[in-house]
Amino acid sequence: DLEVQTGDPNADDRAARAVAEALLSLSTTVDVGPARSALSPHRALYLRVPRAAPRRHLRGARFGAQILEEVGRFGYRARVGIADDRFTAWAAARCGARRAPSAPCAAVPRGGSSAFLAPLPIDLLPADRDVLSMLRALGIETLGDFAALPPPTVGRRFSSAGLDLQALARGDGQALLTPFTPTEPVSESIETEDEITAIEPLSFVLRPLSDRVGERLRGRGAAAARIRLSLGGPRGARTPIELSPSRPLTSGRALAELARAHLAERELDHPITSITIAIESEVEPENETLDLFERAAGKDASPEALDAALARLRAALGEDAACAAELVDTHRPERAYRLAPFAPSRRAKNAGHAAAERADSPLPAALAESAGALRLLDPPTPLRLDLETVEVEGRRRRVVARRGPTRLAGDWWQASPMDRDYYEVETEDGGRYWIFRDHHAGRYYLHGIFD
């Protein structure tokens, strides 16, 4: 009943780099060791302990617990050793659990590497088997025995792959780290044990996957502006889903909620056997302004609630269902805005410039005495009568009140300049309309309706 599976070195390397990215949130320097080295057949990651760690015997114990927590988010187990040099830290990680099985983190006091290594077996040294057998035949069983041998001859004789084995045994090993810099896009995948055919169990699987993505983004100091959720199925079936949050995401929880909101408005096209979350666009995180006082209930929606609402709209009605209006620098009211993707974070970020933009726009100054109609007719509808009677939808209405004119002129440098007088009129049936007289055409036009 034994099933043998060959390990995938590429998958092992990707896993180590993913964990290293998450650990960058704990240390400025992370060194990703090789898959197999002279020291260990297992993957080892080395981190620089922050200077804020306490200087007593348990220095870094809390830091080690944070490392284990981060590694656990990716579904892996690990042991942590903290010491002054790489070899002692590795030995502490390997042998610390033997001394205290309930504590997977072993911290060696500063300057205590030699005393910690002394009782450990010489098998920990990255030496040939023949050399280790010879040392044991000479009665040298521990690293302390080996470190006590006369250094001149031993130092030249017992070296392996450029390593001074006796220096390692004394606790004088290398302490320098090679910083790891993430270069590949963030992507996390998971294969389900059984086929998923409902949204609820799919949402349950999305949470840990989103947490992994969030931890890697936090380690990079980046935020996700565009995300691709890919749902794989039997026989190569795959459903890609684009997720565009209203503001860049840095939290795995917010990413999971956004994906759930999108999936809640759609039906699965096929059973799900694998899930992949890939970050297609990374940006710098936005600085959040903290409120000194609590906002009134219902006054302002949270970004997560806004993203969930937008995701449901886009999933149910299409990607273009949620859009916003942007001002355009023009004198013509019917051309004074355009539709753009809804991005409240960008508008909030530029809120300080909004007043200046409105002040520079030619429309507010010209229409200071007129509110302007929100429902505009584009193009404006020509009127056959004057301002005493207005014909709307084939029916004549007598004007009982009139306000204006408000002169609006511009675009004199173009082939069709604009020179208009705008009026607000009220008809006998209570209707209110926005009408202008075009001086170049010499006639009136119905341009807007006040609701």
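Trainee: Among contacts between residues at least 6 apart in sequence, what share joins residues at least 24 apart?
Mentor: A contact means heavy atoms within 4.5 Å. Here 61% of those contacts join residues at least 24 apart. Keep in mind that this is a predicted model, where local features need pLDDT of at least 70, side-chain atom pairs count only at pLDDT 80 or more, and totals for chains, interfaces and linings use all residues. Residues are numbered from 1 along each chain as its sequence is written, and side-chain values use heavy atoms, with hydrogens and water left out.

Trainee: How many helices and strands does the protein have?
Mentor: Helices (H or I, at least four residues) and strands (E, at least two) are DSSP runs, numbered from the N terminus. The protein has 14 helices and 18 strands.

Trainee: What percentage of the residues is buried?
Mentor: Buried means under 20% relative accessible area, exposed over 50%, and partly exposed in between, with a 1.4 Å probe and protein chains only. Of the 451 residues in the protein, 40% are buried.

Trainee: Where does Asp421 sit, and is Asp421 buried or exposed?
Mentor: Asp421 belongs to strand β16 (residues 418-427). With a relative accessible area of 8%, Asp421 is buried. Pro405 is 16 residues from Asp421 in sequence, yet their C-alpha atoms are 5.4 Å apart. Beyond neighbours within four places in sequence, the contacts of Asp421 include Pro405, Arg407, Ile435 and His439.

Trainee: Which side chain makes a polar contact with that of Asp421?
Mentor: A polar contact is a pair of N or O atoms within 3.5 Å; within protein, one must be able to donate a hydrogen and the other to accept it, and residues adjacent in sequence count only if both atoms are side-chain atoms. The partner of Asp421 is His439, at 2.9 Å. Arg397, in strand β15 (residues 395-410), has a polar contact of 2.8 Å with the side chain of Asp429. Arg397 counts as buried because its relative accessibility is 10%.

Trainee: How many aromatic pairs does the structure hold?
Mentor: Rings of Phe, Tyr and Trp (its six-membered ring) pair if their centres lie within 6.5 Å; planes under 30 degrees apart count as stacked, over 60 as edge-to-face and the rest as tilted. The structure holds five such pairs. Trp412 and Trp413 are edge-to-face, at 5.3 Å centre to centre with 90° between the planes. Trp412 is exposed, at 68% relative accessible area, and Trp413 is exposed at 51%. Phe436 and Tyr445 are stacked, because their centres are 5.2 Å apart and their planes are at 15°.

Trainee: Which charged end sits over the ring of Phe436?
Mentor: A charge sits over a ring if NZ of Lys or CZ of Arg is within 6 Å of the ring centre and within 35 degrees of the ring normal. For Phe436 it is the charged end of Arg420, 4.3 Å from the ring centre. Likewise, the charged end of Arg432 sits over the ring of Phe450, at 4.4 Å from its centre.

Trainee: How many residues does the largest nonpolar core have?
Mentor: A nonpolar core is a set of buried Ala, Val, Leu, Ile, Met, Phe, Trp, Tyr and Cys residues joined through side-chain atoms within 4.5 Å. The largest has 28 residues, and Ile227 and Ile277 are among those with the most contacts inside it. Elements supplying at least two residues each include α9 (199-220) and β10 (272-283). Another core, of 27 residues, lies apart from it and includes Tyr46 and Trp90.
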